[in-house]
Amino acid sequence: MKIAVFNGSARKENTYAMTEAFREGAEASGHEVEIYQVGQMKINGCLGCEYCHTKGEGSCVQKDDFEKLLPAYKEADMVIFASPIYYFSMTAQMEAAIQRVYCLGKPLKAKKAALLLSSASDGVYEGAIAQFKAYMGYAGIEASGVITAHGDENRSEAKLNEVKDFAKSL
Ligand SMILES: Cc1cc2nc3c(=O)[nH]c(=O)nc-3n(C[C@H](O)[C@H](O)[C@H](O)COP(=O)(O)O)c2cc1C
């Protein structure tokens with residue numbers, strides 16, 4: 001499978017470690033993995049101007065880093081959303097990247113998706129997981145897994161192995 005991983009963190013720390021563990025496991029099983037550092041990108045929020053669904057014929061009126069993600073959204077067989085929790089949601093860059101997919105209409109070629117979340121505390125994932133499941137339901141994509149890491153679990157061998165094993169099993 002062609003797998004696109006979107007990392008919502010701007011840092012190369014906790015979420016990054018999970019995405020690299022994911023890459024290692026998925027590549028070991030013969031999958032092709034591309035990781036996009038969404039947290040380091042400049043992606044504006046959707047303007048809701050409907051240019052994409054009228055004159056734009058699927059293209060967005062805003063020219064920014066979202067253009068780097070569009071091919072991945074169009075071509076990946078599986079998408080991985082990986083993000084730190086920022087106040088009970090994914091990062092703003094990640095949310096913008098998800099909402100800008102509006103220009104494609106019913107999104108994504110992908111048939112599978114998974115969610116990787118990192119946080120300081122436990123019990124902060126409900127909002128992000130509910131959004132993920134609802135969005136995947138709407139898009140007709142199988143939600144294949146959710147892995148969370150909080151506090152000391154971040155970058156722990158056990159957690160990174162859990163991510164690796166999940167990726168290997170795909
Ligand atoms: C703006 C901001 C908001 C945060 N909000 C939460 C939160 O609501 N709950 C929580 O447990 N951790 C919160 N955190 C901590 C991060 O989720 C945590 O440090 C995470 O492991 C960072 O991942 P990263 O190293 O991939 O950037 C927040 C951090 C920042 C910078």
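Biologist: How do you know how the residues of the shell around the ligand divide into nonpolar, polar and charged?

Modeller: In this predicted model, the shell holds eight nonpolar, seven polar and two charged residues, with Gly counted among the polar ones. The shell has 17 residues in total, and the closest to the ligand are Ser9, Glu13, Asn14, Thr15 and Pro84. Two elements give two or more residues to this shell, namely helix H1 (14–28) and strand E4 (112–119), and H1 gives the most, with three residues.

Biologist: What makes valine 163 a buried residue?

Modeller: A residue is called buried if 20 or more other C-beta atoms lie within 10 Å of its own. Valine 163 has 26 other C-beta atoms within 10 Å, and is therefore buried. Valine 163 lies in helix H5, and, leaving aside residues up to four places away in sequence, it touches Met18, Ala21, Phe22, Gly25, Leu116 and Ile147. Threonine 148 is 15 residues from valine 163 in sequence, and the two C-alpha atoms are 9.4 Å apart in space.

Biologist: How do you know that the buried residues of H5 line one face of the helix?

Modeller: The buried residues of H5 are Lys159, Leu160, Val163 and Ala167. Seen down the axis of H5, these residues fall within an arc of 100 degrees, so they line one face of the helix. An α-helix has 3.6 residues a turn, so residues three or four places apart point the same way. The face of H5 turned away from the buried side carries the exposed residues Glu157, Ala158, Asn161 and Asp165, whereas the buried residues pack against H1, E4 and strand E5 (142–150).

Biologist: What makes the length of H5 close to the expected one?

Modeller: Helix H5 covers residues 157–168, twelve residues, and reaches 16 Å from its first C-alpha to its last, which is close to the 16 Å expected at 1.5 Å a residue.

Biologist: How do you know whether the span of helix H4 agrees with its number of residues?

Modeller: The 14 residues of H4, residues 126–139, should span 20 Å at 1.5 Å a residue, and because its end C-alpha atoms are 20 Å apart, the two values agree.

Biologist: Why are the buried residues of H4 placed on the same side?

Modeller: In H4, the buried residues are Ala128, Phe132 and Met136. They cover an arc of only 60 degrees around the axis, which puts them on the same side of H4. These buried residues pack against strand E3 (78–84), E4 and E5, while the face turned away from them carries the exposed residues Glu126, Ala130, Ala134, Gly137 and Tyr138. Just after H4, glycine 140 takes a positive phi of about 70 degrees.

Biologist: Why is the chain called as compact as a globular protein of its length?

Modeller: The chain has five helices and five strands, which run β-α-β-α-β-α-β-α-β-α from the N terminus on. The radius of gyration of the chain is 15 Å, close to the 15 Å that the globule rule gives for 170 residues, so the chain is as compact as a globular protein of that length. Along its principal axes the C-alpha trace spans about 50 × 35 × 25 Å, and buried residues make up 38% of the 170 residues.

Biologist: What share of the contacts between residues at least 6 apart in sequence joins residues at least 24 apart?

Modeller: The share is 78%, taken among contacts in the chain between residues at least 6 apart in sequence.

Definitions and conventions. Residues are numbered from 1 along each chain as its sequence is written. This is a predicted model: local features need pLDDT of at least 70, side-chain atom pairs count only at pLDDT 80 or more; totals for chains, interfaces and linings use all residues. A residue is near a molecule or strand if its C-beta atom, placed from the backbone, lies within 6 Å of it. Helices (H or I, at least four residues) and strands (E, at least two) are DSSP runs, numbered from the N terminus. The expected span of a helix is 1.5 Å times one less than its number of residues. A residue is buried if 20 or more other C-beta atoms lie within 10 Å of its own, exposed if 12 or fewer, and partly exposed in between; C-beta atoms are placed from the backbone. The arc is that of the directions from the helix axis to the C-beta atoms. Two residues are in contact if their C-beta atoms, placed from the backbone, lie within 7 Å. The radius of gyration is taken over C-alpha atoms; the globule rule is 2.2 Å times the number of residues to the power 0.38.
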